[in-house]
Amino acid sequence: MRKIQILTLFASSIFILSALGCSSVTTQTASTSQAPITVIASEDFPSYSSINDLSDRADTIIKGNVIQTRVEALNDRVQAPDEDQEIAQNAELNEGNEELAFDKIYTIHTIQVAESYKGTFAAGDTIEVKQLGGQLDNTEIINDDHVSLIPTKDYVLFLETYKDTPASLLNSIQSLYVIKPASKSSQSTEQTSSPVIVSANPENDLTLSLDQLNQIQSEEQSK
């Protein structure tokens with residue numbers, strides 16, 4: 001099996017509405033041979049100093065669980081503002097009309113929304129969230145930066161949404177949290193404590209609480 005190490009580049013607003021939603025890794029197209037290809041990928045996203053900064057940047061914050069997953073090749077460039085489109089066109093000319101975006105392999109999760117804290121989604125809605133990585137045919141992209149979403153868990157997700165492509169986590173480390181159910185007494189079936197929210201990624205240095213989520217939701221509803 002051939003293994004290809006690829007480098008990361010910072011996302012640019014030339015190609016997307018903001019630098020947060022789409023990865024911009026450099027890669028190689030799949031070989032014409034049938035030998036399996038493994039691509040090791042990582043992503044560079046801004047980090048945030050607090051939950052407030054994270055929630056201010058996210059346009060959608062939800063609680064939900066995975067009800068369906070698929071793997072798909074996507075061109076992850078989304079529509080940019082007019083001034084950015086002009087910059088991108090000039091860049092294409094300067095680079096000899098080379099491709100500025102290309103299909104990459106994503107795992108796309110359909111999330112059933114249980115509660116919305118920010119954004120236009122409501123309980124009962126579904127939203128698609130993409131993560132770089134997955135396998136199609138003889139090509140596999142492995143992204144060590146993200147934590148895979150599991151259908152049996154409830155998550156809180158800080159997202160950026162787009163018109164023509166699935167939503168993305170603001171970053172792979174700070175934007176995904178797991179809700180642990182309230183504990184029960186060993187001598188009773190009654191719940192003895194509130195659910196606990198923990199980061200899905202052990203490298204995350206931000207702590208999220210139910211009180212913070214309720215505050216975000218309250219501020220959103222008061223607008």
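Biologist: How many salt bridges does the structure hold?

Modeller: Five salt bridges, and bear in mind that this is a predicted model.

Biologist: Okay, take arginine 57 and glutamate 160. Why is this pair called a salt bridge?

Modeller: Their side chains come to 3.6 Å, N to O. The cut-off is within 4 Å, so the pair counts.

Biologist: And which parts of the chain does that pair link?

Modeller: Distant ones: arginine 57 is in helix α1 (residues 51-57) and glutamate 160 in strand β8 (residues 154-160), 103 residues apart.

Biologist: What makes glutamate 160 buried or exposed?

Modeller: Its relative accessibility is 6%. Buried means under 20%, so glutamate 160 is buried. Arginine 57 has 30%, which falls between 20% and 50%, so arginine 57 is partly exposed.

Biologist: Now arginine 70. How do you know that glutamate 72 forms a salt bridge with arginine 70?

Modeller: The closest N and O atoms are 2.8 Å apart, and that is within 4 Å, so the salt bridge stands. Arginine 70 also meets glutamate 128 in a salt bridge, at 2.8 Å, N to O. Arginine 70 lies in strand β3 (residues 60-75) and glutamate 128 in strand β5 (residues 126-132), so this pair ties together parts 58 residues apart in sequence.

Biologist: What are Arg70, Glu72 and Glu128 linked in, then?

Modeller: A network of salt bridges.

Methods. Residues numbered from 1 in each chain as written. Predicted model: local features only at pLDDT ≥ 70, side-chain atom pairs only at ≥ 80, totals over all residues. Heavy atoms only, no water. Helix = DSSP H or I, 4+ residues; strand = E, 2+ residues; numbered from the N terminus. Buried < 20%, exposed > 50% of the residue type's maximum accessible area, 1.4 Å probe, protein only.
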